[in-house]
Amino acid sequence: MNKRVHIFANESESTKQTEIQLKKKLDKIGFEIVPNYCDDIDLLVCIGGDGTFLEAMHRYNFPSVPIIGINTGHLGFFQEIAPNMLDDFIFNYTHDNYTLQKLGTVVVKVKRGDEFFEHHGINEVLIKAPLAYSVHLNISIGGSFIERFSGDGVLIATPAGSTAHNYSLGGSIVDPRLEVLQVTPIAPMNTTAYRSFTSSILLPSDLSLQVTPDMTDSRKTICLVYDGFNVEYDDIDEIEIGFSDVSVNLMRFDNYDFWRKVKSKFL
């Protein structure tokens, strides 16, 4: 069976041991371990925690190949199996006993004069000021002005990211089968000048969020954080956030159930 597999792993000792065991088992059944990622592999294996998975997705530009996660980290929402399940994984994979869960991404488009920038996130995009400053934003939905926001920032999460930073902010857990974006305010303020939502709102997949930084603010720098990756821009004209057509395919087996995983991780 000539399957080409690339393994992406972090540097922890438990991960290294798991990687060694997996390579031996795959080599024994005739799989080819590809040391450098390329588009013609059959499977991408991520060994580590959710952070390792997100790092791999960004490093390899959200690959379309099937992806399996082996959890040697903590929560492991993206990771499907534990290190003691390697034989089960290999059996199920070689016998096609799996489904592919499509995870969409949120895209943030930044306009600054004649320049345009674009970033994607599987979990979320965070808009905030640098350091610990408050940020002032004019927010529109689908082209209609909604509010003048003042606070620490705004988080826009996918269903997959609803259990991450969004949940710690008091946002809702969203079933990944729903195509919605969740907009969660971070420490919103309500004054005579600013009227901010104090709870999350949900947007359907065909609506986008437009954000214009308040140019009366003396601090013109906006910080964008997407899946933990940070970038700063000065003098932004507009930020648009919405669903992207970029997605990844996560391998799931018959016993996978999102709400059972939620219960096991949080309750």
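Contact, in this talk, means heavy atoms within 4.5 Å. The model before you is predicted, so that local features need pLDDT of at least 70, side-chain atom pairs count only at pLDDT 80 or more, and totals for chains, interfaces and linings use all residues. Residues are numbered from 1 along each chain as its sequence is written, and side-chain values use heavy atoms, with hydrogens and water left out.

I begin with Gln-79. This residue sits in the loop between strand E4 (66–71) and helix H3 (86–94); helices (H or I, at least four residues) and strands (E, at least two) are DSSP runs, numbered from the N terminus. Gln-79 is buried, at 2% relative accessible area. Buried means under 20%, exposed over 50%, and partly exposed in between (1.4 Å probe, protein chains only). Leaving aside residues up to four places away in sequence, Gln-79 touches several others, including Cys-46, Gly-48, Phe-53 and Arg-252. A polar atom of the Gln-79 side chain lies 3.3 Å from the backbone oxygen of Cys-46, and one lies 3.0 Å from the backbone oxygen of Gly-48.

I turn now to charged pairs. How many salt bridges does the structure hold? There are 11 salt bridges, each a side-chain nitrogen of Lys or Arg within 4 Å of a carboxyl oxygen of Asp or Glu. One of them joins Asp-175 and Arg-177, at 2.6 Å from N to O. Asp-175 is buried, at 11% relative accessible area, whereas Arg-177 is exposed, at 68%. Elsewhere, salt bridges with shared partners join Arg-4, Glu-32 and Asp-40 into one network. Within it, the side chains of Arg-4 and Asp-40 meet at 3.3 Å, N to O.

Notes:
Polar contact = N/O pair within 3.5 Å; in protein donor to acceptor, adjacent residues only side chain to side chain.
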